[in-house]
Amino acid sequence: SLRAHNIPFDMTMNSMLLSATSRLKGVSMGLQLLNEIRATGQPLEVSFFNSLISACAREKQLQTAMQLMKEMAQSNITQTLVTFNCFIEVCAQCGDSEKALQTFKAMCDRNIKPDTITLNCLLK
């Protein structure tokens, strides 16, 4: 627990911790960190969710990524081009091309313009 070690809860530190944690320890540890930050009442940032969704791609956890996208929407956290690219990558890694295309359409419907990363993820 971060509180047990007196680590301050600010979003810069939290984003750095999540990025490192999700790469080294995986999605489950990232979700644990997310719960600890929620408990502090601090607002969550889009970069935090993007890192977790990206970790879901590495571990092929589509359901978890879908839950994170839903939480972002419910919490009014703006889903950016990076968010959509990360989620489309999860879909690609999990072999769900239909979900990837649905997400691409939703992204375009929100007037978020795809980039080369988006297109590369769709081609996987």
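Which residues does Glu71 touch, not counting residues up to four places away in sequence? Glu71 touches Leu34, Arg38, Leu44 and Phe49. This report starts with the whole chain and then comes back to that residue.

## The chain as a whole

The structure is a predicted model. The protein chain contains 7 helices and 0 strands. Read from the N terminus, its elements follow the order α-α-α-α-α-α-α.

Of the 124 residues in the protein chain, 40% are buried. Among contacts with a separation of 6 or more, 60% are between residues 24 or more positions apart. The accessible surface of the chain is about 7000 Å², and carbon and sulfur atoms account for 55% of that surface.

## Helix α5

Helix α5 covers residues 81–93, which is 13 residues. From its first C-alpha to its last the helix reaches 18 Å, close to the 18 Å expected at 1.5 Å a residue. After α5 comes Gly95, which has a positive phi, near 75°.

The buried residues of α5 are Thr83, Phe84, Asn85, Cys86, Phe87, Ile88, Glu89, Val90 and Cys91. These buried residues pack against α3 (46–59), α4 (62–74), α6 (97–109) and α7 (116–123).

Thr118 is a residue of helix α7. Its relative accessible area is 0%, so Thr118 is buried. Leaving aside residues up to four places away in sequence, Thr118 touches Leu81, Asn85, Ile88, Phe104 and Met107. With one of these, Asn85, the contact is also polar: the two side chains meet at 2.4 Å.

Thr80 sits in the loop between α4 and α5. With a relative accessibility of 27%, Thr80 counts as partly exposed. Its contacts, again without residues up to four places away in sequence, are Val46, Asn50 and Ile112. Thr80 can also be compared with Arg110: the two are 30 residues apart in sequence, and their C-alpha atoms are 9.9 Å apart in space.

## Salt bridges across the chain

How many salt bridges does a search of the whole structure find? The search finds 3. In general, side chains of opposite charge can pair when their charged atoms come close.

One of the salt bridges returns to the opening residue. Glu71 pairs with Arg38, and their closest N and O atoms are 2.4 Å apart. This pair links distant parts of the chain, since Glu71 is in helix α4 and Arg38 is in helix α2 (residues 27–40), 33 residues apart. Glu71 is buried, at 18% relative accessible area, whereas Arg38 counts as partly exposed at 33%.

Another salt bridge joins Lys124 and Glu89, with 2.8 Å between the closest N and O atoms. Here too distant parts of the chain are linked: Lys124 is in the segment after α7 and Glu89 is in helix α5, 35 residues apart. Lys124 is exposed, with a relative accessible area of 57%, while Glu89 counts as buried at 16%.

## A salt bridge within one helix

The side chains of Asp109 and Lys105 also form a salt bridge, at 3.0 Å from N to O. Why can two residues that are 4 residues apart in helix α6 be a pair of this kind? Asp109 and Lys105 are separated by about one helical turn, because they are 4 residues apart in helix α6. An α-helix has 3.6 residues a turn, so residues three or four places apart point the same way.

Is Asp109 buried or exposed? Asp109 is exposed, with a relative accessible area of 52%. Lys105 is exposed as well, at 51%.

A disulfide is a covalent bond between the sulfur atoms of two cysteines. To be counted as one here, the two sulfur atoms must lie within 2.5 Å. By this rule the structure has 0 disulfides. Cys94 is in no disulfide, and the nearest cysteine sulfur, in Cys91, is 7.3 Å away. Cys94 is partly exposed, with a relative accessible area of 30%.

Cys121 is buried, with a relative accessible area of 6%.

Note on methods: Residues numbered from 1 in each chain as written. Predicted model: local features only at pLDDT ≥ 70, side-chain atom pairs only at ≥ 80, totals over all residues. Heavy atoms only, no water. Buried < 20%, exposed > 50% of the residue type's maximum accessible area, 1.4 Å probe, protein only. Expected span 1.5 Å × (residues − 1). Contact = heavy atoms within 4.5 Å. Polar contact = N/O pair within 3.5 Å; in protein donor to acceptor, adjacent residues only side chain to side chain. Areas by Shrake-Rupley, 256 points an atom, 1.4 Å probe, with all protein chains shown as cover. Salt bridge = Lys/Arg side-chain N within 4 Å of Asp/Glu carboxyl O.
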